[in-house]
Amino acid sequence: MVHGTGRRIRKATSAEGAGESGLAKLIELHALNSFGDMLITVALASTIFFSVPTGEARGRVSLYLLITMAPFALLAPVIGPLLDRLPHGRRAAMAMSMLARAVLAWTMAGVITGGGLALYPEALGVLVASKAYGVVRSVVVPRLLPSRLSLVKANSRVTLAGLLATGVAAGVGGLLHLIGPGWPLRGAFLVFVIGTLMAFHLPHAVDSAKGEQRALLHSEMHAEVHGGVHGGVHGARAPEDARAPKASLRTVGPSVILALRAMSALRWLVGFLVMFLAFLLRDEPIGGLRPTLALGLVALAAGTGNALGSVLGSWLRTRGSEATVTAMLLLATGATAAAALWYGVVTVVLVAGVAGVAASLGKLALDALIQRDVPEAVRTSAFARSETLLQLSWVAGGAVGILLPLNGVLGLSVAAGVVGLMLLWTVRTLFRVGLRRRPTAPRVA
């Protein structure tokens with residue numbers, strides 16, 4: 001039975017040329033990554049979260065989440081250039097992310113019963129390692145893209161594999177928790193050790209940077225600065241390559257910037273809902289439901305929304321992606337405003353599901369625009385920077401969700417206001433940009 005199931009899984013992941021290109025191995029690695037992350041989530045949610053008083057838990061998580069934002073703030077300007085300068089270390093980077101989580105999972109397994117303060121930095125260390133893996137994975141996918149698959153469809157397939165693995169891991173983690181609170185973490189340790197080895201078995205194309213160039217986050221007209229200022233001061237002519245205008249993320253085209261801005265708002269909303277609803281529903285369950293049941297319904301709605309967005313994304317076309325991501329932001333804004341006006345079980349579950357669909361489908365629309373508008377030479381670098389910005393937005397949303405008072409109407413009103421402002425900005429830009437039918441031709445560094 002196990003052998004037959006394995007063969008069917010391998011056949012599904014290897015379809016449409018994914019086996020030949022090596023994408024199948026990345027899909028399987030991502031499934032393993034999601035499986036391990038879910039085991040850690042089950043262990044922490046069933047011990048730390050429910051064993052510490054709400055006020056104390058919020059204080060601890062708030063402190064360490066704010067501290068954790070510092071590495072993400074450094075990731076934005078550092079990880080992109082680092083990946084550019086170390087283009088041959090992607091497999092090692094993914095393996096190190098897996099190994100770090102394996103060590104942290106084993107360490108937490110020994111102290112989780114006491115629920116000590118040390119668990120919080122370790123748990124957030126797992127979060128940082130997981131987000132770092134996500135950045136590298138987004139960079140790797142274009143390098144393993146089969147000729148018969150679009151980038152959007154490939155990303156959708158990787159995401160679906162992760163969601164399916166998460167669902168299985170939730171059940172396995174629950175069974176392991178029956179043995180003892182540390183056993184899901186020991187299971188995660190084993191999963192991440194296997195993942196570390198699997199990362200090094202990815203194709204060598206993952207570490208190949210042939211023909212790639214850099215896309216920078218800032219725009220500098222070196223012809224004016226170096227030629228006019230430095231040339232006049234130092235009396236020396238600037239080098240030829242220094243006088244050429246460098247590329248920036250803005251030069252990839254206004255459509256990509258529009259989608260990136262909208263997706264940052266959606267990822268901010270997801271981070272906000274995760275943290276805010278986790279503490280709110282624990283302290284003030286809605287509809288008379290038990291906290292675990294209320295949280296379970298919200299988590300189920302969010303997971304279903306993510307899966308639905310990934311399925312819909314496989315049908316997404318690059319034409320009209322600007323309208324797609326704007327529509328997702330509009331949908332999320334409407335659902336959040338409705339939950340604030342008519343706060344209750346149905347609306348809270350609805351906003352969790354809608355946020356899942358919007359974030360998932362919006363991310364695939366952003367991927368489509370990057371694929372369409374960004375030249376292949378800088379596409380990998382653009383993915384690294386956009387993914388880092390989205391992860392930072394998630395952390396910022398989570399911080400706001402923790403710091404706000406535990407009032408459902410107030411919190412959801414604030415969230416609706418934030419995404420509503422971003423929606424107005426996005427719609428204004430959409431009218432100015434329009435729906436582009438041909439890719440832009442941005443400069444490259």
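Hi everyone. What you see is a predicted model, where local features need pLDDT of at least 70, side-chain atom pairs count only at pLDDT 80 or more, and totals for chains, interfaces and linings use all residues. Residues are numbered from 1 along each chain as its sequence is written, and side-chain values use heavy atoms, leaving out hydrogens and water.

On to confidence: pLDDT is the predictor's confidence in each residue, from 0 to 100. Its mean for the protein is 75, and 69% of the residues reach 70 or more. Helices here are DSSP runs (H or I, at least four residues), numbered from the N terminus.

Now the core. The largest one has 101 residues, and Leu23, Leu26, Ile40 and Met94 have the most contacts inside it. Helix α12 (residues 254–283) gives the largest share, 18 residues. Leaving aside neighbours within four places in sequence, Leu26 touches Met94, Arg137, Val140, Val141, Leu144 and Leu202, a contact being heavy atoms within 4.5 Å.

How many salt bridges are there? The count is one, taking a side-chain nitrogen of Lys or Arg within 4 Å of a carboxyl oxygen of Asp or Glu. Asp37 pairs with Arg101, their closest N and O atoms 3.0 Å apart. Asp37 lies in helix α3 and Arg101 in helix α6, 64 residues apart, and both are buried.

Terms used: A nonpolar core is a set of buried Ala, Val, Leu, Ile, Met, Phe, Trp, Tyr and Cys residues joined through side-chain atoms within 4.5 Å. Buried means under 20% relative accessible area, exposed over 50%, partly exposed in between (1.4 Å probe, protein chains only). Helices (H or I, at least four residues) and strands (E, at least two) are DSSP runs, numbered from the N terminus.
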